[in-house]
Amino acid sequence: MDTTAAIFAVAVLVPVAASLAAIPLKPWPRLQTAFGAGGAITGAVAGLYCAVQALLSPAPATWNAPWSMPLGSLSMSMDALSALFLIPLFVLFGLGALYAVEYLRPIPQGRNAAIPWFYYNTLGVSMALVVVAANGLLFLVSWEIMSLSSFACVLHDHEKEGSREAAWIYLIATHIGAAFLLIFFLVAGAGVGSLDFSSIARHTFSPALSGLLFAIGLVGFGSKAGFVPFHVWLPKAHPAAPSHVSALMSGIMIKMGIYGILRSMTLLGHVQAWWGFSLIAIGSVSGVLGVLLALGQHDLKRLLAYHSVENVGIIALGLGAGVLGVSYGIPQLAFLGFCGALLHVVNHAFFKGLLFLGAGSVIHATGTADIDALGGLIRKMPLTAAGFLVGSVAICGLPPLNGFVSEFLVYAAAIKGIGAHNGPVFAMCALSVASLALIGGLAVACFTKAFGTVFLGEPRTAAAAHGEAGPYMVIPLFVLAAFCGIIGLAFWKLVPVFAQPVCILTSLPKADVVSELSTFAPSLSGIAIGCVLFLACTGAVYLLRNRLLNKRTVGASPTWDCGYTVPGPRIQYTASSFAQPIVLFFRHVLGPVQTKHMPASTFPKGWSFHSHVPDLLLDNVYTPMFRLAGGTLSKLRWLQGGRTQAYVLYITITLIALLLWNFVWPR
Amino acid sequence: MAPLSFSCALSPALALACAPLLTGIIAKTKAFFAGRKGPPLLQAYSDILKLLRKGAVYSTTTSWVFRAGPVVSLGALLACCLLMPFGSLGAVLSFSGDILLFVYLLAVARFFTVIAALDTGSPFEGMGASREVFFSALVEPVFLVCLLALSGPAQAFSFQNVVGKGAQFSLVPAVLAGFALVVIMLAENARLPVDDPATHLELTMIHEVMVLDHSGPDFAFITYGASLKLWLFGLIVVRAFLPIHAASVWIDSLCTGAGMVVIGIVVGTIESVTARLRLLRVPQLLTGAAALALLALLAQQGALP
């Protein structure tokens, strides 16, 4: 027990301490990088060791500080649920650090190379603390450190106007979410008298209060997870951050929202059916809208950011099914739903991390993230292209990779629900199946678009020129790709690991969960066999093709072009034209904007066409809302005159008012 | 239930052997309507064999992705054949949820066909690819809902219960889902009224234009894969309309085989008497199919009278 705590302390302290120690070493940027990356990787390895141990042990590892905190004790606990989030966290944290060694080069003149490392390492460590916190106050403090360090990471390119705007939107969004979380813990703790998770979990809330708390938590955690309509910060913040940070933010940080929802459900006790209904509704809207908005994007990282919205949608579909299973007493539904959602959390961290790192390599090499300016990169960057292809196949949920397994579990849960002879469950599960299938189809459209436009064909502009990324940036891609493949093919062996977290979530006895698991085992081994057969068939066809073409004439010629023999790269289909039919079909949801100057008159002079898909929610709801708030609140500006004396006066007045209040209504 | 049973190898063997025949039947039917003699019934086999004997030409723009496209697509379709029972003859691989694997393997085939098309840099192929991913994204949910309606309530979601031995017939859902499945079969297999396999204008094509640059064995794989796909969809449609539960496997298989011939004739007839829809109208056709599928699912649940 104590050794685990000590190793976890290494995981938490070393990354931060190393990067702090590097700050004064400004004249030696290489040494600073070595400190930052070395600290992060050491922490990741130590953390991974603890997480794997906690996942395999039946009892949670707990650690209580010998000193106390207001409203409870400074305690941490690492159970199987925490461990399941910690494993992808530390994997991605370590690989991201390795990647950043090269990605952050060259260091701009006058910058201190240790500062980005400090923020990155703090972000990684604070997320680990969020997951192990067993006290509301500690949770909130870690949550705030996570938010602020990621805000600082988003500001990496602070000289760019776009980066500052993105960071600003992110800061506001994350604090609105945090405000709800503060209310959540205050309300939950008020009845209990303590913010310790163990005390809150022992308390029985009335159904109305626990429903209210769930709703508050759903807003607070949902805004971090990126559920529609709280997703607007994602497509701003992810592209602005450096790619290794985007990978960590998209792969792990938004999952902290999911973790929060799960943990709050274990704290609130009796789950109610409407929680499941709302999760499935939110999940289908987030999933479908996320992928549709992604289809309309031209910026590679913005596209990936919208896909995160889609994927948390899929996770919410699984969670919703799980909650329905618990509240209606259908254990198989509960098991499959939660298991699918948890596996998708892990899977998404791997393939989205892979895709963001791949996108980062593209940006690093070409200097642009504009998909329509790229093309043909597979020849210059074959390894990055292969990695990105694996990520694309995985995120579309295609066999034989990991995305398929988790989507399969969520599907299986929904199909169980359809057969459950329960009207509302049937309706929600049918919605779930239809949205999953639509999401799957549209994701294929989106990733063939992204991969096809960026890596295939001919370069569209001169931007697509430089060579392959170096080993520091390529190795993490391949490690993540390997994880995608291993989970895809070997999940039927790994599934018992999910029994313990599912027990925590469903409060079912472990024996029941294990027996559910064994009834589902043929399906899991079935998909593994199916995937192996698919690979075997593909291999056989490949060998046949090679044998047939052996000793035959294999010619090379330009692409068949309808007689026009000198096609410029500009005649290629662009990402926008590829997605246009879909965007047009869903125009009422997406509201695409087209600006065109059509050729007119006999001798037309200039013409142009430009289209983009805006975020209607941001443009039509949030921007007016915040403008209104800004306008209204600016009338209070006189309070904020900039004179310190006045501020001291405010503080004094507040203190006196509180004192008076205490005298008038003593406890 | 052991998921793998090699004693059922007859189902995929029939698919591998007979799939091109189905295209032959369609061509014969179309020739009949046009008052022509038409190509021989076994023309598709000769085409594939001829292509297999040829060399290949690759575009200088393309990379290994272009070469992987037909190989992975055919690999995925072959794996799909292993999941599909032929009437009472079971499938080689059968488990609860095999339908999902089937649908996603088809998506793998599509993914690689599409990126192979984009690898050529040709605007025509980009156009076809764009349409293909759009229409199949709309088809996918409809297809799954149809299969849910056809599989009995609270049973394993497996082709065994939709196409194979475990299929239970209830009239209303079967007929509603059957009609939706016909639309899906036509849309997924590049058939009229969604796509015209015989057109000569690249601008109007979907599937054919995606594979313009493939040649030799690669193109043979694509042609063969397309006929396999039509065969697999045909089997599902046949069992929706023809829920034979003959005691003898032979009679059952004969009925299914006869059903496949009818499918060929029906597709040929549809192709002869309808025009291709404007591309903008295709989503409406698919939405109609979605409505039918949803009604079928409700009927299966007993929500409809």
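The pLDDT is the predictor's confidence in each residue, on a scale from 0 to 100. In the predicted model described here, chain B has a mean pLDDT of 88, with 95% of its residues at 70 or more. For the complex, the predictor reports an ipTM of 0.95 and a pTM of 0.94.

Chain A is divided into three parts by the domain assignment: domain 1 covers 1-204, domain 2 covers 573-612 and domain 3 covers 621-664. Between the C-alpha centres of domain 1 and domain 3 of chain A the separation is 32 Å.

The contact between the two chains involves 66 residues of chain A and 69 residues of chain B. On the side of chain A that touches chain B, at least two residues are supplied by each of several elements, including helix 16 (402-418), helix 17 (423-455), strand 3 (554-557) and helix 21 (575-585). Helix 20 of chain A provides the largest share of that side, 16 residues. Leaving aside residues up to four places away in sequence, A:Gly530 touches A:Pro399 together with B:Ala79, B:Leu83, B:Leu93 and B:Leu101. The C-alpha atom of A:Gly530 is 46 Å from that of A:Phe184, a residue 346 places away along the chain.

The largest nonpolar core contains 360 residues, and the members that touch the most others are A:Val433, B:Cys146, B:Ala180 and B:Ala293. Helix 13 (residues 331-366) of chain A contributes the largest share of this core, 22 residues. At least three residues of the core come from each of domain 1 (1-204) and domain 2 (573-612) of chain A. Apart from residues up to four places away in sequence, A:Val433 touches A:Tyr411, A:Ala414 and A:Ile415 in chain A, and B:Leu144, B:Val145 and B:Leu148 in chain B.

Helix 8 (residues 207-225) of chain A comprises 19 residues and extends 25 Å from its first C-alpha to its last, close to the 27 Å expected at 1.5 Å a residue. Its buried residues include A:Leu213, A:Phe214, A:Ile216, A:Gly217, A:Leu218 and A:Phe221. The buried residues of helix 8 pack against helix 6 (161-192), helix 10 (243-268), helix 11 (273-295) and helix 12 (300-327) of chain A. Just after helix 8, A:Gly226 adopts a positive phi of about 90°.

Helix 23 (residues 616-633) of chain A is hardly covered, with a count of 0 buried residues among its 18. At 1.5 Å a residue, helix 23 should span 26 Å, and the 25 Å between its end C-alpha atoms agrees with this expectation. A bend of about 30° occurs in helix 23 at A:Tyr622, and the proline A:Pro624 follows within four residues.

Helix 1 of chain B bends by about 45° at B:Cys18, with the proline B:Pro20 following within four residues. After helix 1 of chain B comes B:Gly35, which has a positive phi near 75°.

Key: Residues are numbered from 1 along each chain as its sequence is written. Chains are lettered from A and ligands numbered from 1 in the order in which they are written. This is a predicted model: local features need pLDDT of at least 70, side-chain atom pairs count only at pLDDT 80 or more; totals for chains, interfaces and linings use all residues. The bend at a residue is the angle between axes fitted to the seven residues ending there and the seven starting there. Domain bounds come from an automatic or database domain assignment. A nonpolar core is a set of buried Ala, Val, Leu, Ile, Met, Phe, Trp, Tyr and Cys residues joined through C-beta atoms within 7 Å. A residue is buried if 20 or more other C-beta atoms lie within 10 Å of its own, exposed if 12 or fewer, and partly exposed in between; C-beta atoms are placed from the backbone. Two residues are in contact if their C-beta atoms, placed from the backbone, lie within 7 Å. The expected span of a helix is 1.5 Å times one less than its number of residues.
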